[in-house]
Amino acid sequence: MTIDSYKYLPRSMRTMYESVPVIDEPAEWAPLPKPLHHCTVALMTSAGIYLRDSQEPFDVERERREPTWGDPTYRIIPRDVRSEDIACSHLHISHDDLLEDVDVVLPIRAFSALEAEGRIGRLADEHYSFMGYQDRRLLDWRNIQGPELAARLKEHAVDVLLLAPA
Amino acid sequence: MPVLARTIESLGIPTVTVTMIPDLAMKFRPSRVVGVEFPFGHNFGTPGNDELMLTVARAACQALEEAGGPGYRLDVDVEWPVPLETAYRTWHPPVPSPIVAEMLKRRQGG
């Protein structure tokens, strides 16, 4: 089956997304380095969540002043995070459900269950939160945060990254 | 976020992207995509619905194991458990985002 990608979007945005051309760059491909049941998996969300007591919010004040700009930085979310530790600074989605249960965007319980049953090797100790609304060129993500995150994942012996754009 | 996935993948770490807009994700020549017909901000389901979260997580595992090369897409065959009208209304933020507010202003000639 094929799902309707635009079911929850206004018609104008559907038209906009449908007109996006296919990227003029070759595909990137990294194979799994070992069977999934031996892999360490980390999770990433672009829901703009952060730890309310110890991390800075994403810079939504600048986005309000410059509506085409988005904060390209990221936050590290520990595996043992509780929903009550979380705040959210994403201006493009409702926060209600993800503040009630952060697993709707960062599925730590589900992947802990998959770890327990041996479907994956291990769920990493830390996970990552970005703010999904970005400047269209995405230069910071390409040149700064992307390589920085890849280096960090390697340092933590992460084999696979799951991304969940909010 | 597809650009971030491409960057990470180009540096040697395999990725899988669980997205509400797989049609758009595919335009970025991704490695592995899992599509969910869910409202924005809800990649894995509704609060407390561990069964649904696990279903999507298992689809991500399937994608990681099945994909033999870039451009792999797997859509999850699950209907969102909230009526469309309610789900459509409630994923939006309480006030329009700055860019949407600006577009609305322009459209109204403001």
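Q: What makes a residue of chain A count as buried, and what percentage of its 166 residues do so?
A: In this predicted model, 40% of the 166 residues of chain A count as buried, where a residue is buried if 20 or more other C-beta atoms lie within 10 Å of its own, exposed if 12 or fewer, and partly exposed in between, with C-beta atoms placed from the backbone. Local features need pLDDT of at least 70 and side-chain atom pairs count only at pLDDT 80 or more, while totals for chains, interfaces and linings use all residues. Residues are numbered from 1 along each chain as its sequence is written, and chains are lettered from A and ligands numbered from 1 in the order in which they are written.

Q: Why is Trp29(A) called buried?
A: Trp29(A) has 20 other C-beta atoms within 10 Å, so this residue is buried. Trp29(A) lies in the loop between helix 1 (11-18) and strand 1 (40-45) of chain A. Leaving aside neighbours within four places in sequence, Trp29(A) is in contact with Glu9(B), Ser31(B), Gly69(B) and Pro70(B), a contact being two C-beta atoms, placed from the backbone, within 7 Å.

Q: Why is Ala157(A) called exposed, and why is Arg29(B) called partly exposed?
A: Ala157(A), in the loop between helix 5 (139-155) and strand 7 of chain A, is exposed because 9 other C-beta atoms lie within 10 Å. Arg29(B), in the loop between helix 2 and strand 2 of chain B, has 18 such atoms within 10 Å and is therefore partly exposed. Phi of Ala157(A) is near 55 degrees, a positive value in a residue other than glycine, and phi of Arg29(B), also not a glycine, is near 45 degrees.

Q: How many helices and strands are there in chain A, and what makes chain A as compact as a globular protein of that length?
A: Chain A holds five helices and seven strands, which are DSSP runs numbered from the N terminus (helices H or I, at least four residues; strands E, at least two). Its radius of gyration, taken over C-alpha atoms, is 17 Å, close to the 15 Å that the globule rule gives for 166 residues, so chain A is as compact as a globular protein of that length. The globule rule is 2.2 Å times the number of residues to the power 0.38.

Q: What kinds of residue form the side of chain B that touches chain A?
A: The contact takes 62 residues from chain B and 61 residues from chain A. On the side of chain B that touches chain A, the residues divide into 32 nonpolar, 19 polar and 11 charged.

Q: Which strand of chain B is joined by bridges to strand 7 of chain A?
A: Strand 7 (residues 160-164) of chain A is joined by three bridges to strand 1 of chain B, and the two run parallel; two strands pair if DSSP finds at least two bridges between them, so these strands pair. Thr15(B) is the bridge partner of Leu161(A).

Q: What is the handedness of the crossover from strand 2 to strand 3 of chain B?
A: Strand 2 (residues 32-35) and strand 3 (residues 72-75) of chain B run parallel and are joined by four bridges. From strand 2 the chain crosses through helix 3 to strand 3, and this β-α-β crossover is left-handed, whereas a crossover is right-handed if, with the strands pointing away from the viewer, the path from the first strand over the helix to the second runs clockwise.

Notes
Nonpolar A, V, L, I, M, F, W, Y, C, P; charged D, E, K, R; others polar.
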